[in-house]
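Please examine the sequence and the structure shown below before reading on.

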Amino acid sequence: MSHLSRRPESGPDSYEVGKAIPHESAALHTTGLALYTDDLVGRTKDCLHAYPVQVFVAKGKVTTLDVQPAYAVAGVVRVLTGADVPGVNDAGVKHDEPLFPTETKFFGHAVCYVLAETLEAARLGAAAVVVEVEPEPALINVKDAIAAKEFQGAQPTVQRGDVEEGLRAAPHVYSGTFEFAGQEHFYIETHCALAHVDEAGQVFVQSSTQHPSETQEIVAHVLGKHSHEVTVQCLRMGGGFGGKEMQPHGFAAVAALGSVLTGRPVRVRLNRAQDLTMTGKRHGFHAEWRVGFDDDGKLMALQATLTADGGWSLDLSEPVLGRALCHLDNTYWIPNIRVNGRIAKTNKTSNTAFRGFGGPQGMMVIEDIIGRCAPLLGLDPDDVRRRNFYTEGQTTPYGQPVHQTDRLRAVWDQVHTSADLDRRWAEIAAFNAEHPHVKRAIAVTAVKFGISFNLTAFNQAGALVHVYKDGSVLINHGGTEMGQGLHTKMLQVAATTLGVPLAKVRLAPTRTDKVPNTSATAASSGADLNGGAVKNACEQIRDRLARVAGAELDVSPAEIRFVDGAAYALGNAEGVLWEDVVLTAYYQRVQLSAAGYYRTEGLHWDSSTMTGSPFKYFAYGCAATEVEVDGFTGAYHTRRVDIVHDVGDSLSPLVDLGQIEGGFVQGAGWLTLEDLRWDESDGPDRGRLTTQAASTYKLPSFSELPTEFNVQLLQRAHEEGAVYGSKAVGEPPLMLAFSVREALRQAAAAFGPDGTSVDLASPATPEAVWWALAEAAKGHEHGHVADGADGAYPEPSDPAAPERHPESEVWQHTDHHVTTLTKV
């Protein structure tokens, strides 16, 4: 067992990791005492308020920008424009996001900001600014961008084997297209930044950001300063989900610029409508594919093209697309595969990171393929999925060995057993036979999600730990807290490593002058990276104190163990209190602080060839979902969900259970409820986000929760080479929600004859489900044509490929989702 993953030999009752404790801020959250960035405004004297001047034209050149009328509004102090920027007028790492643009690229693009004594004065001042725009043709949906060949960024390919030969040899070949929507983050706390400048010109920014170091870098280059002149702190976030990884930087830069120019603190806080219309979402995708199966339902070949809707700029679209390509296989061995990727450039907000970071979109394609094709093969989707699972020794399409495939089967089998699926499937068959207008179904899906940043350099972290003379401990690390429980886990890691009670340890807010050059808290890697760094720092201090305690107890330092706040020699019940050892160390001039560091070993990735081993390990999980669908309306409810998830040896089981439940519900929201809509008319509102409030954008609520929700952590799942044997948990559970969508598909199919293949739009709203079950009820066998026609059908990425195969069937499920399925 590795040093990093080994837990103390004193037994689980004597240390803090693995204990089911509440979130460290739970009491503050529930009593309203937790401080967020905007709460600091009331504690800040003479703060100015910033308000964006949004232009409601999806694409155009700004011909007039007259800010003088704003100064006639009482309380307006300054209007910030591009002319005020002393450094670089750009808020993105790709240098394609002007902070103060001269062209509008999406409906609601902000071209300047008004600073005023009150928020109302700033709003009135913004309304007074005169902006004239010369409109240009705008591309709103991804299909139009594909047709116009409007792409941005790299166009990678992941491949292995001989796809053409695999398709020729396959007795069953199908092709299809699939377009599915993005998702709004809808964090409770909108984007917010508060900046001030001290007497030396040092800029201090409080920001709701998942990536303080990158926020620091962007603020510095906008101001024309060095990074050491800018400090960024994140107290906590009221949710992030990836939406605060890249997008906060510009708002922090506006606050900092305003503070530098006025000498006063400046607050930028978006209201909900602004946040929805100005910030990016989860990438929607368009997929074209061609797949071959053998007679037993085993995958033989897959060719696909994935097109991500990047919005107006690159943001994180390239790595999102890369992860999508690397996760299209999900849990399945595909011997011959070629997946092409590209990023459409549309006139919408710049799409960005969202929990799963492209992984869900990639997996969505293969799960949809199996769900659609299994009935055409005359096979149960449950059997098709399991038959195609990876086995030990096989590699992913990009060349990484897939280990722990026994865990994949373990979570799958445990769900089938604990959920009593055989009995319930029989009961559902009887229920459906007796109820012509209501149908039930259970679907089971699994997940294999790679943990680490694809970019190897990001897989490092730092920490700073102080032990004070009274024995109390303060830890700093580079991760940020957005409600996911990272700080809770870091407190448990520090207390366990030092051998002290949890009450001895406090955690300070994340800030760049304490731990520099940090990576974003993203990619589900927060606990792995920062836990490794915290553990390293604590071990340095513990080893120094072991020498002090060894001298006190007259034994070798190697025989010293710190347990429950005291130092003991092996085999000796008499010890020295932690506080006494610390104080003795101080008088002996032993250093009581340490900077920790961790880097994930064994990673390598070549983005030019899309090959390597970018992930430290894979997290596995499985979910079974039962739904009931009303045949008259398409309305449905989730009756029961059973999940078994692999988190290794959990650092904090209560936190992990919460993450699994929350991730699953958020995934179900993406797949069934959350329907982003833009105005695609040719009128003046073209490009307007029409779902820009909770009244029009439906979020999961208590009514969408399953009536019965069972979650189990996979036992005896120690992860070698990870901090205290744990595994990441943030993102993988979201993809377990595929079981909800697949259950809805099977329930819709139950309205038709056996073997009915159902195309289901995403999100699978009640409307979409009704269209699907209505088609099924007509008795259509979707896509049935002559079997074994292996003719030279153009590949999906071939520009010459026809929009429809002459014998394909097309269904319009909603007014913006068209899917096709062809058997060739």
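How close do the axes of helix 18 and helix 19 come, and at what angle do they cross? In this predicted model, the axes of helix 18 (residues 738-749) and helix 19 (residues 766-777) come within 8 Å, and the crossing angle is roughly 35 degrees. The crossing of helix 18 past helix 19 is right-handed. On the side of helix 18, the contact is made by Leu744, Ala748 and Ala749, which meet Val769, Ala772, Leu773 and Ala776 of helix 19. The residues of this contact comprise seven nonpolar, no polar and no charged.

The loop between helix 18 and helix 19 contains Pro763. The peptide bond that leads from Ser762 to Pro763 is cis, and its omega is near 10 degrees.

| Helix | Residues | Number of residues | Reach, first to last C-alpha | Expected reach |
|---|---|---|---|---|
| Helix 6 | 212-223 | twelve residues | 16 Å | 16 Å |
| Helix 13 | 421-434 | 14 residues | 20 Å | 20 Å |

In helix 13, the buried residues are Leu421, Arg424, Ile428, Phe431 and Asn432. They lie on the same side of helix 13, because they cover an arc of only 95 degrees around the axis. Asp422, Ala433 and Glu434, on the other side of helix 13, are exposed. The packing partners of the buried residues of helix 13 are helix 12 (405-418), strand 16 (438-451), strand 27 (617-630) and strand 28 (636-645).

Helix 6 is largely enclosed by the rest of the structure, because ten of its twelve residues are buried. Among them are Pro212, Glu214, Ile218, Val222 and Leu223. The buried residues of helix 6 pack against strand 10 (203-207), strand 11 (230-234), helix 7 (248-262) and strand 20 (510-511). Gly224 follows helix 6 and has a positive phi, near 70 degrees.

A positive phi is also found in residues other than glycine. His95 has a phi near 60 degrees and is located in the loop between strand 3 (76-80) and strand 4 (103-104). Tyr724 has a phi near 50 degrees and belongs to the loop between strand 29 (708-713) and helix 18.

Is each of these two residues buried or exposed? His95 counts as exposed, because its relative accessibility is 57% and the cut-off for exposed is over 50%. Tyr724 is buried, with a relative accessible area of 2%.

Note on methods: Residues numbered from 1 in each chain as written. Predicted model: local features only at pLDDT ≥ 70, side-chain atom pairs only at ≥ 80, totals over all residues. Heavy atoms only, no water. Helix = DSSP H or I, 4+ residues; strand = E, 2+ residues; numbered from the N terminus. Expected span 1.5 Å × (residues − 1). Buried < 20%, exposed > 50% of the residue type's maximum accessible area, 1.4 Å probe, protein only. Arc of directions from axis to C-beta. Contact = heavy atoms within 4.5 Å. Axes fitted to C-alpha atoms, helices over the stretch in contact; angles between N-to-C directions. Left-handed = near helix turned anticlockwise from the far one by under 90°. Nonpolar A, V, L, I, M, F, W, Y, C, P; charged D, E, K, R; others polar.
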